[in-house]
Amino acid sequence: MANHLFDTIRSKMTDPNRLFMETPDGARMTYAELVAETGRYANALTALSIKPGDRVAVQLEKSPAVIFIYLACVRIGAVFLPLNTGYTLNELDYFISDSGASLVVCDPQAEAGLSEIAKRHHAQLETHGRNASGSLYEKAAKAPADFTDVARGPDDLAAILYTSGTTGRSKGAMLSHDNLASNAIALVETWRFTPNDILIHALPVFHTHGLFVATNVTLIAGSCLIFLPKFDAKLVLSYMDRASVLMGVPTFYTRLLDEAGLNKEATAKMRLFISGSAPLLAETHREWMKRTGHAILERYGMTETNMNTSNPYDGDRIPGTVGMPLPGVEARIVDPETGVSLARGEIGMIEVKGPNVFKGYWNMPEKTKAEFRQDGFFITGDLGQFDERGYLSIVGRGKDLIISGGLNIYPKEVEEEIDALSGVVESAVIGLPHPDFGEGVVAVIVREKNATLDEKAVMAGLDGRLARFKLPKRIFFVDELPRNTMGKVQKNLLRDSYKDLRFN
Ligand code: AMP
């Protein structure tokens, strides 16, 4: 048996002398060098007695080493477990214990805080600095480059990614070699990646977007990464005269739109702008089109499923939609209560099935069972609808649905009406406990600078645009909406902030 994921990557590596990565400090690495480097890390991990199936937990600032360790884990058959750099020691304690990690790799400065936790959970602890430093770096630097990949089949685990867990404990999504390989192949085809592409990589690498979508697509296409330590609008813009693709979360695009230098000329060499991980405002899409002449391509995915749908490369990229299912992926809309398929145009739960869908939640067989239908479809928790042309739109997370007076209100339809009012930058609509209605609609709005819009003006603007039961019962103005690192509005935090609200 071969190593399913790494063999897939190797099989696409037609020219080992092509460039795989460059960094802002001018360092460049070819595919041949990548194989050698990951071989060194594979040997170093093997010397630490990491065996196939063992979990390797990694909390490191973004650097090429994270990619080397990820691929080394794939090559030795271990399970790569990236952790958000924002996690506290308390959270890390949970992840290390829950995953039963054999090895934890952290930044040298985090070693003191983590050593007791690692010891208590019988995990080894190694360090790796952003630059050539740390105990694992030293071991890999001395190790030989030659490594014979460990045999792994399509269903063997390649990674566990903990979901952001906005309610309850975060869950470890188990992703197999084929979950990752099949999705990368589907995306390369859908987005027409070739070895000539140069992707600006400014995403974090502890999340599915930066780690798998951006990196695996590059590897499978034999393209090149411009690997930036973090998103910086000016820096990203400065690379657009040499790159061809940008993958980003919606905030990348809104921040880039604030740059005076963003125009048709600056983006003339780029062939594709992709957005995902959070909803892209239709307004951002239109503004981007006006300024650059490019239609942003929006896609939809999640940690558990990799990517599910994408707007077309050649056909219309419709703002506010996430396009059609990727090749090999099935998506349907069902009644959340009964599981019965709904007709086109109706809103319901989005369910997906295909080689992209994960193997279940680590150590949580009951939770896994509850989130799959008997026919193998995964219940995403997102609500959406297909239009007559087969484009999917997401109306929000199921748990964000507001039920007021027994009637369903999808926050997005209210947000869209509010966002269309002059003077509004964006809004978030939430439901809060209401003594008569069960839940009452509350809107939290960010105004444009100098806008004088007040509660009365918003209500006047919405009059006649929405059924009365959908109208906000209270409106708050804030400077900005709370977002996580992937740009998602954290409605749970908003609900928390206003939990003592009394409707009158
Ligand atoms: P994560 O597991 O962190 O990638 O989060 C996945 C969730 O992000 C999905 O279940 C959706 O709720 C949301 N999401 C991802 N892409 C989009 C998109 N293009 N539009 C709206 N929501 C999205």
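Figure 1. With arginine 299, a polar backbone atom is 2.7 Å from a nitrogen atom of the ligand. Taken alone, the ligand exposes 500 Å², and the protein buries 91% of that (areas by the Shrake-Rupley method with a 1.4 Å probe; for residues, only the protein chains shown count as cover).

**Figure 2. The shell around the ligand.** Which residues come nearest to the ligand? Of the 16 around it, they are His207, Arg299, Thr303, Asp382 and Lys488; a residue is near if one of its heavy atoms lies within 4 Å. Strand S13 (297-302) and strand S19 (392-397) each give two or more residues to the shell, and the largest share, 5 residues, comes from S13. Helices (H or I, at least four residues) and strands (E, at least two) are DSSP runs, numbered from the N terminus. The shell divides into 6 nonpolar, 5 polar and 5 charged residues (Ala, Val, Leu, Ile, Met, Phe, Trp, Tyr, Cys and Pro count as nonpolar, Asp, Glu, Lys and Arg as charged, and the others, Gly among them, as polar).

Figure 3. Side chains of opposite charge can pair when their charged atoms come close. A salt bridge here is a side-chain nitrogen of Lys or Arg within 4 Å of a carboxyl oxygen of Asp or Glu, and the structure holds 27 of them. Arginine 373 forms one with glutamate 351, the closest N and O atoms being 2.6 Å apart. Because arginine 373 lies in the loop between H12 and S18 and glutamate 351 in strand S17 (residues 348-353), the pair ties together parts that are 22 residues apart in sequence. Is glutamate 351 buried or exposed? At 0% relative accessibility, glutamate 351 is buried, while arginine 373 is partly exposed at 22% (buried means under 20% relative accessible area, exposed over 50%, partly exposed in between, with a 1.4 Å probe and protein chains only). Shared partners join Arg332, Glu351, Arg373 and Asp375 into one network.

**Figure 4. Glutamate 259 meets lysine 234.** The closest N and O atoms of this salt bridge are 3.2 Å apart. Glutamate 259 sits in the loop between helix H10 (250-257) and strand S12 (272-275), lysine 234 in helix H9 (residues 233-239), 25 residues apart. Glutamate 259 is buried at 15% relative accessibility, whereas lysine 234 is exposed at 56%.

**Figure 5. An open sheet of 9 strands.** The strand order is S2-S1-S10-S9-S11-S12-S13-S14-S15, with mixed pairing; two strands pair if DSSP finds at least two bridges between them. Strand S2 (28-30) and strand S15 (324-325) stand at the edges with a single partner strand each, so one side of each has no neighbour in the sheet. Strands S9 (residues 198-201) and S11 (residues 245-248) run parallel, joined by 2 bridges, and leucine 199 stands opposite valine 245 in S11.

**Notes.** Residues are numbered from 1 along each chain as its sequence is written, and side-chain values use heavy atoms, leaving out hydrogens and water. In this predicted model, local features need pLDDT of at least 70 and side-chain atom pairs count only at pLDDT 80 or more, while totals for chains, interfaces and linings use all residues.

Definitions and conventions:
A polar contact is a pair of N or O atoms within 3.5 Å; within protein, one must be able to donate a hydrogen and the other to accept it, and residues adjacent in sequence count only if both atoms are side-chain atoms.
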